[in-house]
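Work through the exercises below with the coordinates open. Each task is followed by a solution in steps.

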Amino acid sequence: MIIGLDEVGRGALAGPVVVGCVAVPVARFSSLLSMAQTAGLFLRDSKKLTIHQRGAWYDFLRAQPFVLFRTAFVSAAIVDRINVSAAANRAALSAFRRVISCIDNGTSYDVYLDGGLFLGNTTKSRRFGKTIVRADVTVPVVSMASIVAKVVRDRRMDLYGRIFPEYGFSRHKGYGTASHYEALRHYKTSPLHRLTFLK
């Protein structure tokens, strides 16, 4: 198997950090990309795809029985308590464990993580998996993980937008836009905001 991990939401003022983890059998990877291209899907970093393109990729990956993917969330409260990098690494380890729990024992796998992510915070655990700067652009399985994480987080922020409509989460997904800062000045913070990002 080849496994990729990426996170979204690291720089947001509100909402969770979400890590996506995608695993694909090496022998099926080329055919997976060919099937995607036949379906009109071309792989890029999730930030360079439209919302409709990301959704189409998500549905495509979910429809493939040999593709495994899981996500993990870390809340704003945890980000405030342990810092955003440690929170992202915690989510990466959780998503990774969920994926490998579905893989047969004895199956070998190579793990690739986007820059800044590590499977744990200790020196020993950081030796497991290969962290590559801009892997979401250069390593296709990490690009897939980026798409999965982005779709899942955006949909969660849309839900939060219905719960807290005054902040406009469905528009800016928790990032620091002018309208978001204006809402903060008017309504103060919600339970979803990262207080350490607003000091």
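**Exercise 1.** Which backbone oxygen lies 3.0 Å from a polar atom of the side chain of Arg194? State also whether Arg194 is buried or exposed.

Solution. The model is a predicted one.
- Step 1: Locate the residue. Arg194 lies in the segment after α9 (178-187).
- Step 2: Find the contact. The oxygen belongs to the backbone of Arg10, 3.0 Å from a polar atom of the Arg194 side chain.
- Step 3: Classify the residue. Arg194 has a relative accessible area of 0% and is therefore buried.
- Step 4: Compare with a second residue. Ile3 is 191 residues away from Arg194 along the chain, and the two C-alpha atoms are separated by 30 Å.

**Exercise 2.** Determine the strand order of the sheet and name its edge strands.

Solution. 
- Step 1: Read off the order. The open sheet has 5 strands, arranged β3-β2-β1-β4-β5, and the pairing is mixed.
- Step 2: Identify the edges. β3 (68-74) and β5 (130-132) each pair on one side only.
- Step 3: From one strand to the next it averages 20 degrees.
- Step 4: Strand β1 (residues 2-8) runs antiparallel to β2 (residues 17-24), with 7 bridges between them. With β4, β1 pairs in the parallel sense over 4 bridges.
- Step 5: Assign partners. Glu7 is bridged to Val19 in β2, and Val8 stands opposite Val18 in β2. Leu5 stands opposite Leu113 in β4.

**Exercise 3.** Explain why β1 can be described as largely enclosed by the rest of the structure.

Solution. 
- Step 1: Count the buried residues. In β1, 7 of the 7 residues are buried, so the strand is largely enclosed by the rest of the structure.
- Step 2: Separate the two faces. Ile2, Gly4, Asp6 and Val8 are on one side, Ile3, Leu5 and Glu7 are on the other, and both faces are covered.
- Step 3: Look for a helix over the sheet. Helix α7 (residues 140-163) lies across β1, β2, β3 and β4 (110-114), at about 40 degrees to β1.

**Exercise 4.** Describe helix α4 by its span, its start and its buried residues.

Solution. 
- Step 1: Check the span. α4 covers residues 84-100, which is 17 residues, and reaches 24 Å from its first C-alpha to its last. This is close to the 24 Å expected at 1.5 Å a residue.
- Step 2: Inspect the start. A side-chain oxygen of Asn83 comes to within 3.0 Å of the backbone nitrogen of Ser85.
- Step 3: List buried positions. Among them are Val84, Ala88, Asn89, Ala92, Phe96 and Val99.
- Step 4: A polar atom of the Asn89 side chain lies 2.9 Å from the backbone nitrogen of Phe118.

Technical notes:
Residues numbered from 1 in each chain as written. Predicted model: local features only at pLDDT ≥ 70, side-chain atom pairs only at ≥ 80, totals over all residues. Heavy atoms only, no water. Helix = DSSP H or I, 4+ residues; strand = E, 2+ residues; numbered from the N terminus. Expected span 1.5 Å × (residues − 1). Buried < 20%, exposed > 50% of the residue type's maximum accessible area, 1.4 Å probe, protein only. Polar contact = N/O pair within 3.5 Å; in protein donor to acceptor, adjacent residues only side chain to side chain. Pairing = 2+ DSSP bridges. Axes fitted to C-alpha atoms, helices over the stretch in contact; angles between N-to-C directions. Contact = heavy atoms within 4.5 Å.
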